[in-house]
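Colleague: I'm new to this one. Can you walk me through it?

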Amino acid sequence: MPEMSGTGEVRKLSYGEAVNAALHRLMEELPETLVYGEDVGEPGGVFGVTRGLRKQYGDRAFDTPISESAILGSAVGAAMMGRRPIVEIMWADFSLVALDQIVNQAANVRYVSNGRLAAPLTIRTQQGGAPGACAQHSQCLEALFLHVPGLRVCMPSTPQDAYDLLVTAVHSDDPVLVVENRMLYFGAKEEVRVGGAAGPMGGARVRRSGTDATVVTWGAITARVLEAAESLAGEGVDVEVLETPWLNPFDTEAVTAGAARTGRLAVVHEANVTGGFGAEVVARVTESGVPLSAPPLRVGTPDTRMPAAPVLAEALVPDAARIARELRALVRGAS
Amino acid sequence: MSERRLADLLAMWRIRAFEEKVRDLRAEGSIVGSVHLCIGQEAIPVGACDALEPEDALFATYRGHGWAIARGVPVTPLFAELMGRATGVNGGRGGSAYFTAADHGFHGENSIVGAGAPIACGAALAGRFDGSGRAAVTVFGDGAMNQGAVHEAMNFAAAFDLPVVFVCENNGYSELTPIADMVRSDRLAGRAAAYGMPGHRIDGNDAEAVRFHMRDALEVAREGGGPTLLECVTERIAGHYIGDAETYRRPGEMDRIRRREPITRLREGLLADGVPAAEIDAVETRARGEIDTAARTALAAPLADPATVKEHLYA
Ligand SMILES: Cc1ncc(C[n+]2csc(CCOP(=O)(O)OP(=O)(O)O)c2C)c(N)n1
Ligand SMILES: [Mg+2]
């Protein structure tokens with residue numbers, strides 16, 4: 001029996017199912033929403049995430065040609081006219097063929113019209129590595145979008161956040177990029193509270209409390225950070241894991257407060273290090289003047305292209321063992 | 001005449017046997033990750049590559065294993081690439097979607113839809129300055145015809161009379177979506193007129209027809225007549241990728257496809273011309289033997305060395 005309450009209902013959902021549940025809810029409660037993209041209509045999405053929408057909402061959910069500029073540009077135009085499009089870019093890597101519509105167009109609509117126009121569109125995409133994934137299907141591009149003022153960006157890693165962040169994104173009157181992860185879609189089912197009020201943007205999640213260091217992370221790698229943190233706990237190294245699924249707006253205060261408490265800061269992301277958002281997080285904490293007992297640490301993929309061979313890719317993307325090693329050195333001092 | 005058709009049959013069997021072997025290796029875990037097979041579409045690379053000169057440039061897509069093989073890239077390093085071996089044609093860096101062998105005039109697959117088309121224009125442009133007389137061929141699917149980069153490339157090549165042949169493999173689907181639902185007119189070759197270049201819709205399951213039109217297009221291109229669009233109508237017998245449940249297929253569709261697929265058709269033609277069945281069947285046996293040996297050799301090679309992973313990022 002689903003548990004009912006004033007703030008919704010609890011259901012057991014995988015990450016992908018949680019996205020699907022949010023889409024169904026949004027189509028139901030916001031008649032101005034549209035859902036479209038490549039293979040999202042009849043087939044229900046290459047990962048099955050948009051299943052059932054076409055059947056239930058007819059023309060409001062549809063397939064498009066392989067035309068990312070037209071998908072994104074039409075979403076900007078429809079949003080200006082009062083629709084609330086939720087468009088899918090199958091892989092974040094494919095957004096690059098249509099970056100203009102995101103960076104020059106969507107992000108500018110409100111500002112250059114002096115606030116008279118808005119572009120309340122949501123771009124759902126997914127990114128990241130997977131075994132055997134190739135160079136153009138495994139990049140982590142969030143930093144590119146975080147450099148763009150006017151565009152909101154979030155990256156859920158749990159079924160609950162996959163649901164909640166999408167609901168918040170679609171209710172927002174600004175363009176929001178929701179970066180999902182295909183490795184998470186088919187993960188374990190968890191209890192997800194659905195149907196509650198749309199929450200505000202922003203905020204951080206304390207996934208593990210600890211006293212020796214504050215580790216900031218986001219996206220699918222959060223699970224590896226938690227694994228590393230648990231293994232370190234067995235050695236008496238006790239780190240706080242702070243997940244920040246909202247990257248714009250970013251909860252700088254929560255991070256700074258954590259760093260002030262523990263005196264050490266690490267940022268772990270799957271994206272490559274140079275120009276990654278980890279650099280921004282370190283800069284903000286440094287600028288805040290919080291005293292740290294060790295230099296801040298960034299852990300990410302080395303600055304290289306992504307190879308297809310699993311043995312090569314595994315040598316690049318940080319795993320729990322490498323994360324633990326680096327965090328141990330941060331806390332204990334390099335040995 | 002039947003000699004050339006037997007040669008085509010062997011070339012097509014090499015590709016099919018390779019792809020079927022890839023499917024087996026993927027199922028048993030020796031190959032990991034996303035793989036797009038070209039089973040059913042073999043006649044296009046076989047016919048087209050026969051018309052190419054060594055100096056010509058060829059740009060394919062993720063569904064490009066057949067193009068690499070037809071261009072003469074040895075199959076052992078292709079298998080090794082798929083299995084992440086040090087002996088892979090790209091040392092394991094590329095994988096299924098980026099086979100590249102410039103020394104065989106194979107300038108690479110690509111897994112961004114439509115991305116190869118402008119690059120082919122550049123390869124043709126370079127030929128203007130390097131005295132090679134090179135023509136460039138870019139291969140893409142029906143779905144790619146709706147990608148901005150392909151439109152830009154067609155106009156670019158046409159405006160500058162660049163020696164480019166645009167080969168569209170129209171297999172009726174873009175992933176899980178029928179092309180007919182995504183265009184007003186699915187006679188894709190008709191678009192060529194808008195760019196002021198010739199466009200032909202041809203039988204992509206007939207290697208001879210592809211060879212004929214490709215020769216023609218290349219001749220025009222080399223003489224300064226500019227680009228051509230060849231829409232090669234075909235069907236894929238496999239799913240979009242390995243693991244595709246193919247729920248979008250309509251009743252009877254696969255039976256129809258199997259009847260008109262290129263190997264079955266060529267076999268029937270040869271039989272009708274009196275070529276003994278044993279001679280025809282020997283072609284398949286020979287191809288499968290070569291492929292099995294290559295796969296075994298590749299599998300025995302060492303995995304790519306992680307210590308080298310950062311090599312080849314910069315000069
Ligand atoms: C720019 C871009 N958008 C989307 C994709 C995802 N995608 C990969 S293959 C494909 C379908 C391509 O269809 P088509 O061009 O007909 O080629 P086919 O796969 O049928 O050979 C799509 C949508 C991609 N790789 N690149
Ligand atoms: Mg196609």
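Colleague: What should I know before reading numbers off it?

Modeller: This is a predicted model, where local features need pLDDT of at least 70, side-chain atom pairs count only at pLDDT 80 or more, and totals for chains, interfaces and linings use all residues. Residues are numbered from 1 along each chain as its sequence is written, chains are lettered from A and ligands numbered from 1 in the order in which they are written, and side-chain values use heavy atoms, with hydrogens and water left out.

Colleague: Where does ligand 1 lie?

Modeller: Between chains A and B.

Colleague: Which residues come nearest to ligand 1?

Modeller: Glu68(A), Tyr62(B), Arg63(B), Ser111(B) and Gly143(B), out of 20 residues around ligand 1. A residue is near if one of its heavy atoms lies within 4 Å.

Colleague: What classes are in that shell around ligand 1?

Modeller: Eight nonpolar, seven polar and five charged residues. Here Ala, Val, Leu, Ile, Met, Phe, Trp, Tyr, Cys and Pro count as nonpolar, Asp, Glu, Lys and Arg as charged, and the others, Gly among them, as polar.

Colleague: How far is Glu68(A) from a nitrogen atom of ligand 1?

Modeller: A polar side-chain atom of Glu68(A) sits 2.5 Å from that nitrogen. Tyr62(B) has a polar side-chain atom 2.8 Å from an oxygen atom of ligand 1. The backbone takes part too: a polar backbone atom of Tyr173(B) is 3.0 Å from a ligand oxygen. A polar contact here is a pair of N or O atoms within 3.5 Å.

Colleague: How much of ligand 1 does the protein bury?

Modeller: 98% of the 580 Å² that ligand 1 exposes when taken alone. Areas come from the Shrake-Rupley method with a 1.4 Å probe.

Colleague: New topic, rings. How many aromatic pairs are there over all chains?

Modeller: The search of the whole structure finds 12. Rings of Phe, Tyr and Trp (its six-membered ring) pair if their centres lie within 6.5 Å; planes under 30 degrees apart count as stacked, over 60 as edge-to-face and the rest as tilted. One of the pairs is Phe140(B) with Phe166(B), which is tilted, at 6.4 Å centre to centre and 55° between the planes.

Colleague: Why does that pair tie parts of the chain together?

Modeller: Because Phe140(B) lies in strand 2 (residues 136-141) of chain B and Phe166(B) in strand 3 (residues 164-170), the pair joins parts 26 residues apart in sequence. Helices (H or I, at least four residues) and strands (E, at least two) are DSSP runs, numbered from the N terminus.

Colleague: Is Phe166(B) buried or exposed?

Modeller: Phe166(B) is buried, at 0% relative accessibility. Phe140(B) is buried as well, at 2%. Buried means under 20% relative accessible area, exposed over 50%, partly exposed in between (1.4 Å probe, protein chains only).

Colleague: What does Tyr173(B) form with Tyr248(B)?

Modeller: A tilted aromatic pair, 4.8 Å centre to centre with 50° between the planes. Tyr173(B) is in strand 4 (residues 173-174) of chain B, and Tyr248(B) is in the loop between strand 7 (228-233) and helix 9 (253-260), 75 residues apart. Tyr173(B) is buried at 6%, and Tyr248(B) is buried at 14%.

Colleague: Which residues do ring pairs link into a cluster in chain A?

Modeller: Tyr15(A), Phe47(A), Trp91(A), Phe94(A), Tyr185(A) and Phe186(A).

Colleague: Now the backbone. What joins Asn248(A) and Pro249(A)?

Modeller: A cis peptide bond, with omega about 5°. Pro249(A) lies in the loop between strand 13 (246-248) and helix 10 (252-262) of chain A. Most peptide bonds are trans, and most residues other than glycine have a negative phi.

Colleague: What phi does Asp39(A) have?

Modeller: A positive one of about 65°, although Asp39(A) is not a glycine. Asp39(A) is in the loop between strand 3 (33-37) and helix 2 (53-57) of chain A. Asp39(A) is buried, at 3% relative accessibility.

Colleague: And Asn114(A), buried or exposed?

Modeller: Exposed, at 63% relative accessibility. Asn114(A) also has a positive phi, about 55°, and is found in the loop between helix 5 (109-112) and strand 6 (122-126) of chain A.

Technical notes. A polar contact is a pair of N or O atoms within 3.5 Å; within protein, one must be able to donate a hydrogen and the other to accept it, and residues adjacent in sequence count only if both atoms are side-chain atoms.
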